[in-house]
Amino acid sequence: MKVLLSWLREFAPIEGDPVWLGEQMSDLGMAVEEMTELGKGLDGIVVAKVLDLKPHPNADKIQLVDVDLGDGEPLQICCGAFNMAVGDVVPLATLGTTMPNGMAIERRKLRGEWSNGMLCSAAEIGLGDDHAGIMILGDNLALGTDFKTALGIVDDVLYDLEINPNRPDAMSVAGVARDLAARLKVPFALPEPQVAAVGDDAKGRASVAIVDPDLCGRFLARVLDGVHVGPSPHWLANRLTALGMRPINNVVDVSNYVMLELGQPNHTYDLAEVPDGELRVRWAQDGETIVTLDGIERALRPTDGVIANRDDEAIGIAGVMGGASTEISGATTSVLLEMAWWDPMAISVSSKRLGLRSEASSRFEKGADPEVVELAALRFAELLWQSADSATLAPGLVDQRGQVWDRSPIALRTQRVSEVIGIPVGDDEIRALLEPIGFEFDEQDGPGVQEVVVPSWRYDTRAEIDVIEEIARHHGYSNIPGRLPPAVHTGSLTPRQLDRRLLRDVMVGLGFDEAMPMPFLAPGDLERAHVTSDAVHIVNPLVAEESVLRTSLRPGLLKAIAFNESHRNEHVRLFETGRVFLRPPEGQRLPGEPEHLGAVLAGEDAIAAVEAWSVLANSLHVDGWRLDQRVLPGLHATRSARILVGEHEVGLVGEIDPEVLAAYHVNERTGWVELDLDALLAEPHGETHLHGVSRYPSSDIDLAFAVDDQVPASEVRAAIEASAGGLLVGLDLFDVYRGEGVADGRRSLAFTLRLQAGDHTLTDGEVADLRQRVIDAVQASLPATLRG
């Protein structure tokens, strides 16, 4: 939507810097996409007449144009446009002129021919968007006169506004002026046309019947006589051109002018072509046809609205385009003027289906003002009289009404306004913001509740929230202090979920792949794994061979290992987190479902399994854990242990019993870790201990102790850690040996100790003293001896 500042000032005393005024319109929701100063840079452009047109001897896309500046002497211009004819009056930029775009006009030779100026298009002088050809002027202009003076062009400012679909009121100059006047707190007034009605009463010469009231909410018709079709005054044509509309003739131009000014599209009929002046408004019949003003025959559907004549023949498509049969022509003397309000949805459907999008249909789609039609008709008559002083307005009018949108008062809660906008707003301030833009107030419906009557030009305002939007808009979005909304932590992970994800990430980092075996086992699977068989059996299993709910993750993972091994994929590491199912205790109907983590290490021993558990424990920051070596069902008799945190068992670690491996057809020794996550995560964990990094070098020593098979490696580890103190920064069990040199029933455990001080480099003596202290402590606290 384009508006001229001079046009806005005809509705209100709008003053101020044009840039600042543009900022106010943008703040009101009518964003200024471009601001153009008109009338600048036109000095040196004069009116000229085409005397002769000749082809350029050396160029096909340039012609030689001889023009007359009023002295009768031909002046040669080289021109790339071909829309002129001999006798046309055109604008000429003379030598020395600086065009609005900054281009300087100089005498130039083009392909061997001199050009003594430049003929101008409307776009080049800022009077439109037409780049295609030279601007053709009226024949009544004096040659050689200043272009601005001849056309009555004054300096002005053109705003190109972005109007949102929910602002039908801003689709007119009056609507923009009303909003801006309210912001500037200056009075606003619509024009008051002064037209004397003469001649025969229109009611005896025209009639309107609204057959389908759901299509048309109001149809007003007036008659104008003594019409002479001709050119429009320069001031009117200039305004239309500035707003992007091409002047055609006075009747069409006045129609467009009223639409742009008041937002009311209209249509004119040659009254002589309308039998008895009778119009009928109805829905179209399926297959009905009409030849529209563009000369195209169009097939209509029942979703299209039409205006029909006395014989029920369609002579116009409602709100979209008129018919060719009643078109205004040079022979027209009496005009039947239509001002109507059409159902927005009907116009939207028809215009989109027919591909006829126009300035008129876009306004009807958004919702025009049904109450402005009388004023618009009078304004039309006034302007047409100004352009053709013989035109007169017949007295009387034909005004028929159908169904329009419901304008029942809207209950507006003051507290709700404050809550939505975010600032306190009082009843008086609400009235002060809404009344200048046409909203009215009935009696208050209780304290803090006002009944608001929406103006007829705000079809978009139907609910309380729409009224609140208007209050916020005119209060000024820029005046509402910004603040961050409170953070809503929806969908965040629980500590348990975070721990579970951490465990998965650590297992993947250790080279494990996650497996997802089914929780259903075949009868005998648990027994083959040497796991308790007191399991829950399913009465109606999906598969008869899978009727047992697992009590351990071990059978499923062993099956996965066996499957991989059978496909020559050996030495795999797999893990699973899932629930096991235990028989319900007495008095409880549903089985217990603790969550476990199970991991198998094919081709690896118990040491690797312990290392995996150690990494998991360190990642969770579980302190005070130890291993309690026991003979455990399904695990190796001497290479398995319970995992204890404090005195609570949280899992098992070790190797799978060879008999179990044979039962599952697994040929590799296999490490095993199984954790009861419910028990493990119930223990204290997650507290991070940070230690400074020493700048000094470390020293490594290796110690191997022979201990009884019943002594777990964790006890040896604990004795070493306790005796080494703060200088011990790393401790790894790197070898377990049974064989020559070690007595039966005993094994050798070899550890690497990494020693480092935070404030100095350890001396050989310090390392030797600590080594001996560790040896003495282990041998004193355990049945252990140092191996040489």
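The legends below describe several close-up views of one predicted model.

In this predicted model, local features are described only where pLDDT is at least 70, and side-chain atom pairs count only at pLDDT 80 or more, while totals for chains, interfaces and linings use all residues. Residues are numbered from 1 along each chain as its sequence is written, and side-chain values use heavy atoms, with hydrogens and water left out.

**View 1. Ser387 in helix α9.** Ser387 belongs to helix α9, which covers residues 373–387; helices (H or I, at least four residues) and strands (E, at least two) are DSSP runs, numbered from the N terminus. With a relative accessible area of 17%, Ser387 is buried, a word that stands for under 20% relative accessible area, whereas exposed stands for over 50% and partly exposed for values in between (1.4 Å probe, protein chains only). A polar atom of the Ser387 side chain lies 3.0 Å from the backbone oxygen of Leu384. Apart from neighbours within four places in sequence, Ser387 is in contact (heavy atoms within 4.5 Å) with Pro233, Asn250 and Val254.

**View 2. The buried face of helix α10.** In helix α10 (residues 414–421), the buried residues are Thr414, Val417, Ser418 and Ile421. Seen down the axis of α10, these residues fall within an arc of 95°, so they line one face of the helix; the arc is that of the directions from the helix axis to the C-beta atoms. An α-helix has 3.6 residues a turn, so residues three or four places apart point the same way. The elements that cover the buried residues of α10 include β23 (410–413), α11 (427–434), β25 (449–453) and α12 (464–475). After α10 comes Gly422, whose phi is positive, near 100°.

**View 3. Arg298 in strand β16.** Arg298 lies in strand β16 (residues 297–299) and counts as buried at 12% relative accessibility. The side chains of Arg298 and Thr292 are joined by a polar contact of 3.1 Å; such a contact is a pair of N or O atoms within 3.5 Å, where, within protein, one must be able to donate a hydrogen and the other to accept it, and residues adjacent in sequence count only if both atoms are side-chain atoms. Glu288 stands 10 residues from Arg298 along the chain, and the C-alpha atoms of the two are separated by 8.4 Å. Not counting residues up to four places away in sequence, Arg298 touches several residues, among them Glu288, Ile317 and Leu354.

**View 4. Arg458 between β25 and α12.** Arg458 is found in the loop between β25 and α12, where, at 2% relative accessibility, Arg458 counts as buried. Its side chain makes a polar contact of 3.3 Å with the side chain of Asp169. Residues that Arg458 touches, leaving out those up to four places away in sequence, include Trp405, Phe439 and Glu470.

View 5. Most residues other than glycine have a negative phi, and most peptide bonds are trans. Lys185, in the loop between α4 (173–184) and β11 (207–210), has a positive phi near 60° and counts as exposed at 74% relative accessibility. His621, in the loop between α16 (606–620) and β31 (625–629), has a positive phi of about 55° although it is not a glycine, and at 25% relative accessibility His621 counts as partly exposed.
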